[in-house]
Amino acid sequence: MDVYDAVESRHSVRDFLDRPVDHETLTRVLTAASRAPSGGNLQPWHVYVLSGARLTELKDRIARRVSTGDHGDALEVAMYPEPLGGPYRERLHDFGRRRYGALGIDHDDQAARARVRAGNWDCFGATTALFCYLDRDMPPPQWGDAGMYLQTVMLLLRAEGLHSCPQIAWAEYHRTVAQVIAPPPQRVLYCGMSIGYSNSAAQHPEMPRAALSETVTFL
C-alpha cells in the first residue's frame, strides 16, 4: 500500500469483526515499526500485545468495574490540559457531537454516552490489543517519540489490511491493566490500541482536520 493511501485510509475504528489477527502479521508489523525515530535512539516505548484468554480476562475485569459504576482510577498522566483552551476545546466538542450524533445520542444523554464509551474497554470487539508504557521518569520528548512509534504501527497495520483505534481511555483503568500485564512499577501506561479487522457494515463519522493555515506556517 502506498504511504499516502495508508495515511488517508487510517482512522479510528470503533467496530471490529470477531476475527483473530495472525501472530506472524503482528510480528512483521512490530518489527518494522521498531525503525520509528527516537531522540538519541532511546526507543522509550514498552509494548505489550494481548489476545486470546489474556485479553478476555482484561475485558472481563474492567467490565465488572464499569457495571458497578466504578469510574476508574486516578489518572497518572493528564489526558488534556486543564482548562482546555481554544481552538482545542472547540475541536473536542465537535468530535463528541459527531461521534455521538452519528449514533443518535443526544448531548445531554449521559447514560447513553457512558454506554458507548464503555466500548473502549471491550476493544470495540477487536480480538487484539496493544498497550504502550513508558518509564515514569521520561520527559515529554520521549512521549513524542512513543507517539511517532504508535503512528508507524498504525500505518503498517493498514499495509496489512488491518485497522486500529488508539485509546487513551485505557489509562482510566490503569490499575486493572497492570494487574493483567504486570509491568515493572517504574512504567506508566500511555495508551492502549485496539487492532483488528474493521466491520465494513459499520458507519464511522468522518472527523475533519483543521485547515493547513491553522496548523502550519510557511516562512
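These legends describe close-up views of a predicted model. Local features need pLDDT of at least 70 and side-chain atom pairs pLDDT 80 or more, while totals for chains, interfaces and linings use all residues. Residues are numbered from 1 along each chain as its sequence is written, and side-chain values use heavy atoms, without hydrogens and water.

**View 1. Helix H3 packs with helix H7.** H3 covers residues 52-67 and H7 covers residues 174-181 (helices are DSSP runs, H or I, of at least four residues; strands are E, at least two; both are numbered from the N terminus). Their axes lie 10 Å apart, at an angle of about 150 degrees. H3 and H7 are therefore roughly antiparallel (over 145 degrees).

**View 2. The residues between H3 and H7.** H3 contributes Arg-54, Glu-57, Leu-58, Arg-61, Ile-62 and Arg-65 to the contact (heavy atoms within 4.5 Å). H7 contributes Thr-176, Val-177, Gln-179 and Val-180.

**View 3. Trp-121 and Tyr-173 form an aromatic pair.** The whole structure holds five aromatic pairs (ring centres of Phe, Tyr and Trp, the last by its six-membered ring, within 6.5 Å). This one is edge-to-face (planes over 60 degrees apart), with 4.9 Å centre to centre and 75 degrees between the planes. Trp-121 sits in the loop between helix H5 and strand S2, and Tyr-173 in the loop between strand S3 and H7, 52 residues apart. Trp-121 counts as buried at 7% relative accessibility (under 20% relative accessible area, 1.4 Å probe, protein chains only). Tyr-173, at 3%, counts as buried too.

**View 4. Phe-131 pairs with Trp-170.** The ring centres are 5.0 Å apart and the planes lie at 85 degrees, so the pair is edge-to-face. Phe-131 is in strand S2, and Trp-170 is in the loop between S3 and H7, 39 residues apart. Both are buried.

Terms used:
Axes are lines fitted to C-alpha atoms, for helices over the stretch in contact, and angles run from 0 to 180 degrees between N-to-C directions. Angles under 35 degrees count as roughly parallel, over 145 as roughly antiparallel, 65 to 115 as roughly perpendicular and the rest as oblique. Rings of Phe, Tyr and Trp (its six-membered ring) pair if their centres lie within 6.5 Å; planes under 30 degrees apart count as stacked, over 60 as edge-to-face and the rest as tilted. Buried means under 20% relative accessible area, exposed over 50%, partly exposed in between (1.4 Å probe, protein chains only).
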